[in-house]
Amino acid sequence: MKRRTFIKLSAISAAGMVLPLQLEGYAAAKPLLKPSTLITPNADFYILQIGEPVELDAKTWRMPITGLIETQMTLRFADITAMESVEAMRTLKCIGDPIGTEQMSNANWKGVRLRDLIEKVQPKPEAKVVVFRCADGYHTAIPLKDAMHEETLLAYEMNGVPLPTEHGFPIRLLNPGHYGTKNPKWIVNIHLAAAHESYWEKRGWDPIANVKLATMIGTPSDGEEITGGKVYTVSGAAFDAGNHGGIKKVEVSVDYGQTWEAAEIWAQDTSLAWVLWKWDWHVPAEEDPVEIYARATANSGLRQDEIGIEVEPVGATPYHMIDAKIVEP
Ligand SMILES: Nc1nc2c(c(=O)[nH]1)N[C@H]1C(S)=C(S)[C@@H](COP(=O)(O)O)O[C@H]1N2
Ligand SMILES: [Mo]
C-alpha cells in the first residue's frame, strides 16, 4: 500500500493494522548493517566535484596566501606538514544529496588548523571572507570568523594515508557544520577578500550551506524484498554536523508514521561525525508492501518532518522513506 493510498484509508486502518508477531527461536539471517562501519574506507568514500579529479605533485605544489593581508606568503607542502597537526573524525555530506542517498561518508583526517596560517598573514580589517581557489577551477569562500574556528582544518591525510587524489591531494579544507561545497579540494590559493561569490552560489545554491538535520536508511534499500516472520535489522546513519547540538535519537516507523520505534545508536564520535543506528524489526508473516520511515531528533529539540525542503537550494530536510515488500518465507 502506497503512503498516499494509506492516507485515504487511515480511518479504517486501526482495525486492520498488522501487529508485530511474537517470534520464538527464529533463525536470524540478519542483513548487514549499512553503513557497516563508523569510518568509511577510502575506497568507499563518496566522490564529487565539478570535473575530473586533478593530480597535483606535492614537490612542485605552491600555495600563495594573498589579498587583504599584511604579510604575503607562499607555502610549500613541507611547510604545512611541519606545522602542529590535529587529528579529527569528520563526516562530509553533499548539499545536492537527495534524501537518503549515499553522498555522505565519514573519515579520520589529519591536518593543520587554518587559523594558524591566517594568523601568520595578519588579515586587514576589511577582510571578511577567505576564498579558496582550486586546481580544477572550483572556488568557494567562507566567512573569516569560520576560518578562525579551531575546528576548521586543512587536511593532508585521510584514514592514515596521504589524501587520495580524488579527495583533494595535497590539501583540502574541512569546514565543520558545512556541506561539501564548503570543503574545497586541490587548494592552490588562499585569498582574503571583502566579499566573494562562489562557484555554486553563482548557480543558485546557498552561500551559507549549513548541514541540515538528516537521516538515511541504509537497510533495506528501495524495493528490497524482506522475508516475513523473521527479524530484519533496519539501519542507517544520521548527522547534523553539530548545527542542532548533535543527534539525540533516531526513530523508525513501519506503519506510515502512525507509531515510531526508537532505534539504537550503535556507533558515534563527536557531533561532527555521523551516528550509526539500527532497529530490529519483527517482520509480520503476511506478504505486503511496506514503507519504512526514519527520522532524527537533535539535542536542540528539532525533529525531522515528513514535509520539508526537497534539496535545492539549501539541502534536504524531510525524513527518509523507503518502499519495500514483505515476502513469504
Ligand atoms: N576543488 C573542488 N573541491 C570540491 C568540489 C569541487 O568540485 N572542486 N566539490 C565539493 C562538493 S560539492 C563536495 S560534496 C565535496 C565532496 O568531497 P569528496 O569528493 O572528498 O567526498 O567536495 C567539495 N570540494
Ligand atoms: Mo556536494
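Begin by selecting Ile50: one of its backbone N or O atoms lies 2.8 Å from an oxygen atom of ligand 1. The model is predicted, with pLDDT of at least 70 needed for local features and 80 or more for side-chain atom pairs, while totals for chains, interfaces and linings use all residues. Residues are numbered from 1 along each chain as its sequence is written, ligands are numbered from 1 in the order in which they are written, and side-chain values use heavy atoms, without hydrogens and water.

Next, select Asp136, where an N or O atom of the side chain is 2.7 Å from a nitrogen atom of ligand 1. The side chain of Arg172 likewise places an N or O atom 2.7 Å from an oxygen atom of ligand 1. Of the 530 Å² that ligand 1 exposes when taken alone, the protein buries 99% (accessible areas by the Shrake-Rupley method with a 1.4 Å probe).

Now turn to the largest nonpolar core, which has 26 residues. Such a core is a set of buried Ala, Val, Leu, Ile, Met, Phe, Trp, Tyr and Cys residues joined through side-chain atoms within 4.5 Å, buried meaning under 20% relative accessible area (1.4 Å probe, protein chains only). Select Leu154 and Ile190, which have the most contacts inside this core. Helix H3 (114-121) is one of the elements that supply at least two residues, and H3 gives the most, with four.

Which residues are in contact with Ile190, leaving aside neighbours within four places in sequence? Among them are Met63, Leu114, Phe132 and Leu154, contact meaning heavy atoms within 4.5 Å.

Finally, select Val275, Trp279, Val283 and Ala294, which belong to another core, of 23 residues, lying apart from the largest one.

Definitions and conventions: Buried < 20%, exposed > 50% of the residue type's maximum accessible area, 1.4 Å probe, protein only. Polar contact = N/O pair within 3.5 Å; in protein donor to acceptor, adjacent residues only side chain to side chain.
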